[in-house]
Amino acid sequence: MQAPANRRESVRRGSGLGGFLGRRAIAGAFLVVGITLVAFVLTHVVPGDPAAAALGQRAIEDPATVAAFRARYGLDDPLWKQYFTYLFGLLHGDFGISQQTRRPVLTDLVEYLPPTIELALVAIVISLVVGVALGTVAALKRDRWPDQLIRVVSLTGVSVPTFWLALTASLIFSVKLGWFSSTGQLDPGYPKPPTVTGLLLVDSLLDNDPFTFQMGLHHILLPALVLAAYTVGLITRFTRASVLEVLGNDYIRSAHAKGLPRRTVILRHVLRPAMVPIITVSGLAFGSLLSGTVLVESIFSWPGLGQYAYKSSLALDLPAVMGVSVIVAVIYVVINLVIDVLYGVIDPRIRLS
Amino acid sequence: MGSKQKVGSLALVVALATVGISACNPTPKTTAGSGGTGGGAATKPLVIDTVFVLKSADPARNYEPTGNIVARALYDTLVSFKGADLKTPVPSIAQKWEQSADGLTWTFTLDPKAKFSDGTAVTSDDVVFSLNRVERVKGNPSFLADGLTVTAKGPETVEVKTAAYDPALLGKLASPSLGIVNSKLAKAAGASDAENAATADQAEAAFAKASMGSGPYVLDSFGLSTEVDLKANPNYWGATKPNYQRVVIRNVDAAQQKNNVEKGESALALDLSPDQVASVGSGVVSSGVPSQYTFYLFTNANPAVNKWTANPDFQEAVRRGIDYNGLLELAGKGSRRAAGMVPVQFAGSLPDDKAPTFDADAAKAALAKSGYDGSPIEISFPSDLTQNGVSFTDMSTRISADLNKIGIKTALKGAPVATVLELARGGKQQVGVWLWGPDFPDSSNYLAFGPGGIVGGKRVNWKAGSDPALESIMKQAATEKDEAKRADLMGQFQEGLNQGPVMGLIQPAQVFLASKDLKNLTYNLVWTVNVAELG
Amino acid sequence: MTTPVLRTEQLRITLPGGLTAVDGVDLVVEPGQIVGLAGESGSGKSLTALSLFGLLPHGSRAQGRAEVGGRDVLTLREKQLRAMRGDEVAMVFQDPMTSLHPMLTIGRQVTEHLRHHHGTGRSAARARAVELLTQVRIPDPERTLGAYPHQLSGGMRQRAAIAIALACSPSLLVADEPTTALDVTVQAGILRLLDRLRREEGLSILLITHDLGVMGALTDRLAVMYAGRIVETGPTQALLTAPRHPYTRGLLDSLPRTDGVAAPLRAIPGSAPRLTTIPPGCAFHPRCGHAVAPCSTDRPSLLPLASGAPRDEGRMLACLVDPYAAAGERPGGGAVSPT
Amino acid sequence: MTIPDEPRLELEAERSSGRRLFSRKDAGIDRSPWSRPLAVVGAVLVIGWVLVALLAPLIAPHDPNAQDFARLQPPGGANLLGTDGLGRDLLSRIVYGTRITLPLAVLLVVLATAVGTVAGSIAGYFGGWVDTVVMRLCDLVFAFPGIILAMAAAAALGPGLRNAVLALTIVMWPSYARVVRSMLLGLREAEFVSATRLLGASARRTLAVDLRPNVAGPVLVLAALEVGNAVLLLSGLSFLGLGAQPPDAEWGAMVSEGARNFDAWWIGVFPGLAILTVVLAFNFLGDTLRDALDPRTARALKGSS
Amino acid sequence: MTLVSVTDAEVVYHRHGRAVRAVAGASLTVDRGEVLGLVGESGCGKSTLAKAILGLVPLTAGQIEFDGQRVEPLGRAARPMALRGMQMVFQDPYSSLNPRRRIGEQIADGIVLSGQATLRKGEQRARVAELLERVQLPTEFARRYPHEFSGGQRQRIAIARALAAEPRLIVADEAISALDVSAQASIANLLASLVAEMNMGLLFISHDLGIVRQLSDRIAVMYLGQVVETGPAADVWSRSAHPYGQALIGAIPSVDGGGGLPTDLPGDVPDPAAPPPGCRFHPRCPKAFAPCSTLVPELLPVAGSHLAACHLHTHARAESASTDRNPLGAS
């Protein structure tokens, strides 16, 4: 991650936001192509035959079946041709066919991405609310006991192994105490709200169905909290540092010297500039949340991209692994774009230059 | 991530314990609300937790355990089995059938009552289409229909010819993969039974949207890795209507399944280990019986791969050096020593007293005789595979410790199935620990382990011709029509196998954990449970 | 006699760690007066200013009295302090680039405390802001209200900062090095602005700077600080033309002459002490050319000059020696002749 | 309008707070980290775990791989922390686990630091297209889902801890490269660099003599911080079955065994606590060290973790 | 004899995608043994010009020579020996010393690199001690780190380091403006005495015309990237020939306490990316008249070596070619 200052500089060099975003998007596209290349190479140097992985123990002995399989997935073409076929398909929104699910990878992604995004979004919202609050308090109480306590809490957050926390939390809160459901997005057999955004909580609200919303919230809370442990810690530490830095600025002293109430100073004068690095780290945190889902989704039976990625890569499901890589790279690029736009929203020096 | 083909269950015989009921169920502490439905079994959905091994909603492409549960409920087959009984095929779409004198031609008469969920009658054309399609789309279950010639002899008569005598034909026809689909609907959805169906058939996705069968249930929604929802088929033609209006089969991590059943969130958990149910709370009952899987170990017979594993004395040392009782303890209550490769459910399985036994002294003696020099032997296993709660990692670690005790130095080489399977099939593993599920309900299935078989020849490098006596027994067993003689020949085959490089280890236990409300729970080797039978 | 807008008595500031940064400072600012507080960095002049606002660094303590408009700010509670800040007493800082909030419009920064302190409505506040910007001679005030600090030049920024300070019509303006970060031509403009505000609005200003030239141009009275203590104070003109403390004189000597005559600069030997190592006795004695033995042990008090000369009226000096008492004039062909 | 060459007319000290009067900022050290209790706790924990690793045979009551005990014994009794599914003593396994986790985590950090520092220095030193290439490469790794990259690499190289280390090196080096590069870019503009360049130092000498000591300290701090992270990543891969191989007593693998059996909670909980305390120890230490650095360096470092 | 000559130097920055001519055709010379004071407001390009002279920023046009040698921008390679005779004292004493190296080592850099590498360690130490003494610092300081010193002391250390290379020219860019008043005087004095003793050239850059006047032999005034006036210090100070120079002088407050307010110069320095046409100063110039907004004035002699770029002079010269009076009448 770049220091925000560098990024701000790079934003400034742009001539107008539109042009800047355009250039970022093009760079992003190159990045995605690069990702496909790396993913392609990586998945193809892995020993193991996708056909062997996908076909049954009898089917693999039948040359006709194997040939049909290879032909269907284009595995008999030379590698470079496979790659360009893939790229060409990608341009048309064709991610290929998953060998595991036998469905278009795009279909799989459309199905598995939203739950993961939703989980990550809830986790990042929790992280931001809790992290910014804790970090601000810590900065304001610098070196006094609340700061020390928050420091211990946040460091514990970033130190706890997510997979273990998922296990332990599930053990305590779901198994022993029964407070949370730890399986799936909704109660079994309960119909999902009509898909609009794919995000269940949003869809249930759009459907004006508070009952489903409540149920969904009940299901998402524990996994989201587990996932958020790390990012709460991360954001708390960043917020503390960022707020401290802002607090050291003359303009905060000016605000105090103007006799503004403390609350106004903190909310209006301190937090806004402090948000710039926090936004950067939130983007980063979102990425780490997506990675974290690989470790927790199976424990919570969460039907998301993490499980899909894990299973696909174990099964050498090349199109699926490629698809996941591409989608994550696209998310990365989009997040970075969003962050850049947010910088402009927050900081007029960027917006207006 | 059990996954993969591994299964393909069809089995013979063996009744399995019916899971009973007892005591009280803890109050369901469900979440925000229990779906607004009342308590009765008729309205509350039946929730089954399992670790999904599911790839397709298309019966012709389905060959996985979870898929079999689903396909069994959605698609009727020509013949079927009732409960756990795999000995006696019962009528389904075919109300009766006849076998020709040479055993090669079967004539099935369809039940005129049979109709699809859309209300249209099941005809012989549908049967021909369905069976041909299975073979020609070249999916995993295609081999089940290999060599069959299916012809319609009238609107309600179908003739099936086999290329060679096949004692397992009825069992194969009962496989959910050979479910009869509504050919009109299927063709409209892009299905094809033509020779080029492997590329021409485009109907797989359509099967995931709506079922096109005549079974007791129809598909409500199909989530490949989340949950499959079924609802009762309003047009079901069978005599007994299913008990539950709705069935939810959902993908749940094994560790969570117990919790869910105990809390009353789910009615049935399929993937628990005996260890996990050892401490079940009151009111919920489990049962352990041997599953259809055989865990086995092989030592590579090719000296080029490893000169020790190819050595018969070394093989003997391994065979006598494994503490099988320890393995059984690992696998838990209900598991069983695999005396030979053929599971106890099958005719021709070897009696327990014929099983090679643990004898450290004999093992050490054999090892000394082999001249083993202490060089490390690699034990390969699928590290991500857990079957019936038994993890290959644990199993292999235990075996490795046993072998260390008698003086064999080992190195454990675990890898994901997809990776390690490739090595196994290439015959490159020095020692492999694997499992085998029956592909079709006949012990001849296990001839694969003999010299030159798809396992014995390829994985173990036990080439055809290396044991002529055993190979001649194999040849006879494959063609013998008399069941008793065949069983005897299979016994002889396994005794021979027990002298060679392939060693059966155990059959793990199939454990169910069910809520007390659940009645008529039986373990069927082919489709695990028949949801339509559950009460 | 009217109440002084500012009066400190024996103001003493200790930093966290127990170091005394300001040690017994007495200051008086009468209405309409500009009083200068001069000294090098580390002399405690800025801390003195911050203490008037209750804005000392965390962990510092201020003792003594500091009356603003008759109320001792050192005894005020946080809430009362906040009510007073920006309203009765306002501050202008050194660098307008850093003292203005970079992400808020000038308009908002001019009006937010006005609206808070006086409950002024949005449009009234805006009208007042335009008036203020006009008063500090910012061209096109309407447009400037919507501008962000980085869009203004340095001089305009400082003018805006002054407008912000004036928003609530404070009785005292504390200006801490208000022109140090500016170019001389811009500085001249700001000085003129401050002078005009004093003359036209009767604004009282406590001006803090190390630049004696600025002091000379603007202030009525001047206090020179060294190592946390006032060493000399009096009417600006008298003090600058006939400095009595060796430190004041040293400072003046080290300035370049403004009469166009080239002459080498004369520096004070040594450097200002750090807070951790303030010498005993007169803190200046190690650098003082006139130091005698008692200087290293006895701390001189700030006492009225007893010369009796009219122009020494109101002057006070903290020196045991007073080496220039007789000389009167600034030696060495001083830059300036008394009017 | 400001122009980069505009003089910064700042008077030092006193300006914002009294603190600066006696700060040791220019030494890069703001305040001794050892005056902070967290640093001490961290150090004690780290030393404790290192001692456990060194003295494992003396501390562990049993052979970590001996499957001698009854399976799944709860904590207490003969086995203080219980036994696992194979009847091995959990305490002994956790103790011996230090010998796997700690050296490998350090090795991982050393490798990543070495690669990252070299790449970052090259990028910062040469600038231009070399810089662009290195940084785009970093972007690529950042944009790649880390765990997938590691999984794919581990799968490609074959499972095993050593390969996991290599795989994770690929994932981790870019953060070092970026930090080093951004520090170099910042320092390159420093006036003391211009000064020595004017004296006749070549850019190479500047890098080696002038900049190295300024970069080395922060990189070491970053490395200390990252040991904890490395432990997390390694155990995560092992949890997924791509790291440690049986019968190695690796903590992440042990947690994954615990995840298979909720009833025997001790199997997963205790190794997890071991991971937590080790990571926490390094984070306590690293965080306080970073706090002690001057703010500009600290800011560069923050971006990395 | 001319040590440095700058001819029509031009430096262009690119910011926001716009070309900013920070130095827009400036010319000046520094002789051996001479102190040239360069003054101007912030943003006028004086620091950029200084860096260009040292080769720290590349020229986009024009030429700079040092001792007859063309100055090339610093690349990756070591600076050619011939150009090491130019050294710089920077503005910020806190960033001009490497915080992680002992000051002795940093001073020794200059000795080692300037071809005295053959010196043994002991000799090096002795030379470092000698240099420290020369800047009036105790020799034992060599073993300390920069953070132990005050701003003034650091600036002396920086000077010692520059002296180690035995320079013929020192460029001091706002070298005293970050210091306290008394420290300013002592550093300025030190620089002046070194120039005299060692017969060096000194380019002394400051925004403070008062100090420059005291220190310099000649003064050059820069405005918006160009030298608008240059001449002997006394002449420029007391008979400035350019309205801008006059404004600078008039804006200096005097310490007499007489209440006389300095004269301000209205308006701001224009954006260097879009300078005004004609005379760059004309929008702020109180004496601007018609030609100023269109014609670029040339730097022409006013009297002797006193040059100014102002139309008032060309105008006056045209009007009263015979007289030699200063047309501005500012004396």
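This is a predicted model: local features need pLDDT of at least 70, side-chain atom pairs count only at pLDDT 80 or more; totals for chains, interfaces and linings use all residues.
**Exercise 1. Work out whether the radius of gyration of chain E agrees with that of a compact globule.**

Solution. 
- Start with the rule: 2.2 Å times the number of residues to the power 0.38.
- With 331 residues, the rule puts a compact globule near 20 Å.
- Chain E has 21 Å, which agrees with a compact globule.
- For its extents, turn to the principal axes, along which the C-alpha trace of chain E spans about 70 × 50 × 40 Å.

**Exercise 2. Describe how chain E is built, covered and charged, using its helices, strands, buried share and charged side chains.**

Solution. 
- Begin with the secondary structure: 9 helices and 12 strands.
- Next comes burial: 57% of the 331 residues in chain E count as buried, where buried means under 20% relative accessible area.
- Now take the surface, where chain E exposes about 12,000 Å² and carbon and sulfur atoms supply 51% of that area.
- Look at contacts between residues at least 6 apart in sequence: 63% of them join residues at least 24 apart.
- Finally, count charges: chain E carries 32 positive and 32 negative side chains, with the centres of the two sets 7 Å apart.

Conventions:
Residues are numbered from 1 along each chain as its sequence is written. Chains are lettered from A and ligands numbered from 1 in the order in which they are written. Side-chain values use heavy atoms; hydrogens and water are left out. Helices (H or I, at least four residues) and strands (E, at least two) are DSSP runs, numbered from the N terminus. Buried means under 20% relative accessible area, exposed over 50%, partly exposed in between (1.4 Å probe, protein chains only). Contact means heavy atoms within 4.5 Å. Accessible areas come from the Shrake-Rupley method with a 1.4 Å probe; for residues, only the protein chains shown count as cover. Lys and Arg count as positive and Asp and Glu as negative; His and the chain ends are not counted. The place of a charge is taken as NZ of Lys, CZ of Arg, CG of Asp or CD of Glu.
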